[in-house]
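Colleague: Please take a close look at the aromatic pairs in this model. Which rings are involved, and where do they sit?

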Amino acid sequence: GKVRAPTHIISTISDDRGDEPCYGGVKMSSIIEKGLGVGDVISLLWFKRSLPRYCTRFIEMCIMLCADHGPCVSGAHNTIVTARAGKDLVSSLVSGLLTIGPRFGGAIDDAARYFKDAYDRGLTPYEFVESMKKKGIRVPGIGHRIKSRDNRDKRVELLQKYARENFPNVKYMEYAVQVETYTLSKANNLVLNVDGAIGSLFLDLLAGSGLFTKPEIDEIVEIGYLNGLFVLARSIGLIGHTFDQKRLKQPLYRHPWEDVLYTK
Ligand code: ACO
Ligand code: LMR
């Protein structure tokens, strides 16, 4: 038989050896001819399968709704400061991306992990939130700097409305809403934030579509695919902020002394 030289890399998501590249086994020409969108491309390259339109539309909504949130948030601020220091596009972009993490935009995976674990174990919202408090862990997906009970996050409302109308089942999202009801009884700003909405709704997408086995869902949650949605989305805005600063020919940023508390 043939002896295959051992390879140094294994790759399973794309292939450029034929006359045209394939994403997840689907030829690029077919992606274009069928009029598929970026949600389909993400499905093929991240989840290694085609997903139904209601799922790819949801993925696209996440990307569109998280693309930007103004100049004052952590990521945009870093990008603006970096662009104003005369750095190039990639440096300005990654400087903003580096702020994405457990407090800002990168709580989606942990929200999915904790909501899934609590729901699957049958914890009441009270038991879940209080057990997190005992462990000294803030509930990922809950809380916001400017959003509150009386100033809800439109992104969350839009995603919830879409899922209620299009997903077969929204049990994880409904559980997250019950958690929010409990946390709102403690403080006004402890709303379900966009990370928590995407985290819980993606669990519903994975479990409800019937296209993922239980071990596959566990692996997606364990590896942590979902922060990728925010990283990808916010790159659109951060690139925009870089161009904006350069177009405006903004000078080097220096923070005002008056805004620093100098103390010993
Ligand atoms: N779970 C439980 N209690 C909380 C939470 C939470 N998620 N968030 C705030 N609190 C409570 C705590 O008691 C906190 O006191 P502590 O500092 O002793 O822990 C108290 O509220 C005061 O916190 P705030 O000043 O209101 O919170 P802040 O405005 O600094 O933080 C933040 C906002 C970072 C979003 C916070 O709520 C949090 O860490 N949430 C979890 C992570 C998360 O979901 N981040 C994504 C936000 S959405 C986005 O970035 C796109
Ligand atoms: C965002 O998407 O950047 C915001 O939710 C964060 C913020 O602090 O407003």
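**Aromatic pairs**

Modeller: At a relative accessibility of 9%, Phe212 is classed as buried (under 20% relative accessible area; exposed is over 50%, partly exposed in between, with a 1.4 Å probe and protein chains only). Phe47 is buried as well, at 3%. This is a predicted model, in which local features need pLDDT of at least 70 and side-chain atom pairs count only at pLDDT 80 or more, while totals for chains, interfaces and linings use all residues. Residues are numbered from 1 along each chain as written, chains are lettered from A and ligands numbered from 1 in written order, and side-chain values use heavy atoms, without hydrogens or water.

Rings of Phe, Tyr and Trp (its six-membered ring) pair if their centres lie within 6.5 Å; planes under 30 degrees apart are stacked, over 60 edge-to-face, and the rest tilted. By this rule there are 15 aromatic pairs. Phe47 is in the loop between helices H2 (38-46) and H3 (53-65), and Phe212 in the loop between H10 (194-208) and H11 (214-223), so the pair ties together parts 165 residues apart in sequence. Helices are DSSP runs (H or I, at least four residues), numbered from the N terminus.

Tyr119 and Tyr175 also form an edge-to-face pair, at 5.7 Å and 75°. Tyr119 belongs to helix H6 (residues 108-120) and Tyr175 to helix H9 (residues 171-184), so this contact joins parts 56 residues apart in sequence. Tyr175 is buried at 5%, whereas Tyr119 is partly exposed at 31%.

Phe47 and Phe212 also belong to one aromatic cluster, with Trp46, Tyr54, Phe58, Tyr162, Phe167, Phe202 and Tyr225.

How values were computed:
Helices (H or I, at least four residues) and strands (E, at least two) are DSSP runs, numbered from the N terminus.
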